[in-house]
Amino acid sequence: MITAELRHSAALLAPLGRALYDLDATTLWERETATLPRSLARRRRAYRDFARRELGPRAAAADLDPAGYDPRPLLAAAARAGLQSEMLPAPFGTMPLGSLLRRSLFHESLKAEELSTVCAGLGLGLLAHGLGTAPLLLSGDPTAIRRWLLPLSRDNRAGRPRLAAFAITEPAAGSDVEDSEGAGSARIGTTARRVPGGYRISGQKVFITGGAHADLVTVFASLVEDHGTRPRVDRDWTCFVVERGTPGFTSGRSEHKLGQRAADATELFFDDVFVPESHRVGAERSGWALNRNVLNYSRIPVGAIAVGIARGATEAATEHCRSTTLGGRPLLSYQEVQLALADLWTETMAMRAMVWQGARHVPATQGVSSAVKTFCGDRAVAVSTRAIELLADHGAHTAGGVEKRLRDGRLNQIYEGTNQLNRLALIESQWETDLGGPRVA
Amino acid sequence: MTTVAAAPAEETTQAERSLLEVVDHFTALAGRRLFAEESPDGDLAAVDPLLSRAAEIGLLADPAAESGTWGAWGTHADDGGPALTLAMLRHLARTCAGLATTVHAQGIAARLLGGTGSADRDAGASEQTPRRLTAAFTPPAGLPIDPRNAAAGLRLSGSVLTGDCRYSVAPGTPDAVAVAARTEDGGWAVIELPQPAAGMTLVPTGLRIGLRAATFLDVRCEETPVTDGQIRARGAAARTAVVQAVACDWLGQAAIALGTAEQAVAEARSYTATRVQGGTTIGHHPAVRLLLARAEHDLAVLDALLTRHAHRGLRGFEADDLLRWAMDCRVAAGELAGEAVTQALQTLGGYGYMDEYGISKRLRDVTSLRVLHGGPDQLLLARHDLGEEA
């Protein structure tokens, strides 16, 4: 609120002084959007409008009854809106050519925040496609890009939704496969064996987002030799594309989980699945580096998901305080309430600043990405918890719109590597430079 | 895992020890009935028969019956202090915080009625089965110390009750409502209304993040007639009952949060002893050990705070001292038990997030407890307004 007295006083400033004084009544969202290059600002508005229009009406029901939620209409709407084909420029995709190299991570992060502000679960169901296709792009393998990524992107661009899912986690290996230290001894069970014309893949993956509906999965398996050497993730991992309908490839149950419930977390089974050599992504045994780099790129948008969750909690809490009276006055008018709200807005702004700064790192950097993911995941939980506290009893009720954000945000401290693991990833990344640690052979 | 320290051994009577054994038998039964099949909140249809069983064995307080002496917040706390009740709730919460909350809610309503007897007991009701009660007060709105809420809640004008009271907790469908109402002279009245009562409606508050085994109701009164016989206390006696109910409510919530978190940490510790990563059980990894160590520390601090005055009879407390201690416990429980559960969940990684492992339910439950009948800022401000301890 800018008082009349302040405006009057400002009017007495010299012209330059007046020009340097921002007295516009503009939302923080608009102010921050205005700092972006025009093309990004335009996209941010488009993502926000899409999220409000398409995710808003679906969010509550999908969270309440994820088993009854059919993701296909939303996937189709997202495809038509160009959200599922942004990894490539026209004519194959919808990413502006000028943004392809240096801003695609920024696009993905803006999209992640806007979708997750409305519903992180529905948002994740859409964003999982980008993760599923990331190995194809980041492998740098022209064959994989041409054979898989171009048709996927083209179909989505044409409004025919086709979904990819990224499959690394196994029942006995979660954080192991996201960490250098654990990789050497990880009990990885999914293996690929060379056979004439291709490979046979056997094993199981768990918690695969989009696994229930994906048309194809980018799956990581250890290449095993006949002489029985124990496979190592960091030496033998290789990425393959497995299409739905391939004999021996099935999906199992989708887990019942605390939050982000609209996005499935599904078991995948590979029972001696044959894939031809053309389904291998990149070179044999390049999977470890490919996996790590996918995570370097994905952890920034994952941080942005956390920003969206915190923003959703903040906006819901603000709305509650605006519309609720206590002692005959709006809750918003109480100073202690204003202090708490200010904390929520401030924390969310700090998270966003970190994501936007992180998204400027091209190529994506392990230390930065892990720091962004960790900080934002932790703060999203803190902001959501504080918002619940602010709303008190109302905050614990579904109708308050805040408790869901806590449930959703809690996942951001776990997936894409737990936050403990990501802290160690930051140290690993900067070991010889910022930390001055001894060089590792 | 540290066992419940209801009281120093030398101060725990045989009767109290026996009662805690009964509680443990009951919680084992409750665990089997509630969680026989995978479900995020258990089989909620089992809650009502479990409460009947809890009433039969004397865990539910009843202001009208002898059995209420030893139930949660029964009259034993008047002289013996809250220790036994807090231990009971802590034990119950290890199986299900929602179930513990229902037993607690019955006790709070009974305490609000203050052992004044229940003249309106249904003629046909069994003396062995206390009626289900819910307490209608809205802390901190019910506190005389919060000026923001002077006009909030239920008000008794003459012989008519008007207003509403949000988030009353009940053990299932209540047979009667224990009301804390403001009177025209600025004081308090404690009223017992049968359910149903003319002009009074009980409205379910809707889906919550946790404590789903408990029933949450908004009590709405519109020109509800009140007879002299339904008014259990007025003036100073009523205020004492209201303050005790509010304070005991927060203390019980803290105990339930502590029990919930203790069980989460125990389950996390078991998990870390069997789950292998990096070639060794994850319990050997410093990152995981730190998570558990922090949780254990938090619970030890909360335990110390909760047992600080637990053997002091409620009758011997100054009202403000009791409120101060209760607020400290509730605010600390929200932070410490909440943090401990989230640390425990983190040790399980992705599995912790899945309903199947049960820790996510404990996180939902402690989140509910964190704000039940008042957010921390409200409690802290109210505590400040009480002034310094004498």
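This is a predicted model: local features need pLDDT of at least 70, side-chain atom pairs count only at pLDDT 80 or more; totals for chains, interfaces and linings use all residues.
Helix H4 of chain A covers residues 38-64, 27 residues in total. From its first C-alpha to its last, H4(A) reaches 38 Å, close to the 39 Å expected at 1.5 Å a residue.

Over in chain B, strand E5 (residues 188-194) pairs with two other strands, E4(B) and E8(B). Strand E4 (residues 176-183) runs antiparallel to E5(B), and 7 bridges join the two. Val177(B) has Leu193(B) in E5(B) as its bridge partner. E4(B) and E5(B) make up a hairpin with 4 residues between them, and the turn includes Gly186(B), whose phi is positive at about 85°. Strand E8 (residues 231-234) is also antiparallel to E5(B), this time over 3 bridges; here Val190(B) is partnered with Ala233(B) in E8(B). As for burial, E5(B) is largely enclosed by the rest of the structure, because 6 of its 7 residues are buried, that is, under 20% relative accessible area.

Turning to the interface, chain B puts 42 residues into the contact and chain A puts in 45. Between them the chains bury about 3700 Å², with 57% of that area on carbon and sulfur atoms. The count of salt bridges between chain B and chain A comes to 3. Arg386(A) and Asp377(B) form a salt bridge, with their closest N and O atoms 2.8 Å apart.

Methods. Residues are numbered from 1 along each chain as its sequence is written. Chains are lettered from A and ligands numbered from 1 in the order in which they are written. Side-chain values use heavy atoms; hydrogens and water are left out. The expected span of a helix is 1.5 Å times one less than its number of residues. Buried means under 20% relative accessible area, exposed over 50%, partly exposed in between (1.4 Å probe, protein chains only). Two strands pair if DSSP finds at least two bridges between them. Contact means heavy atoms within 4.5 Å. Buried area is the accessible area (1.4 Å probe) that two parts lose on being put together, summed over both. A salt bridge is a side-chain nitrogen of Lys or Arg within 4 Å of a carboxyl oxygen of Asp or Glu.
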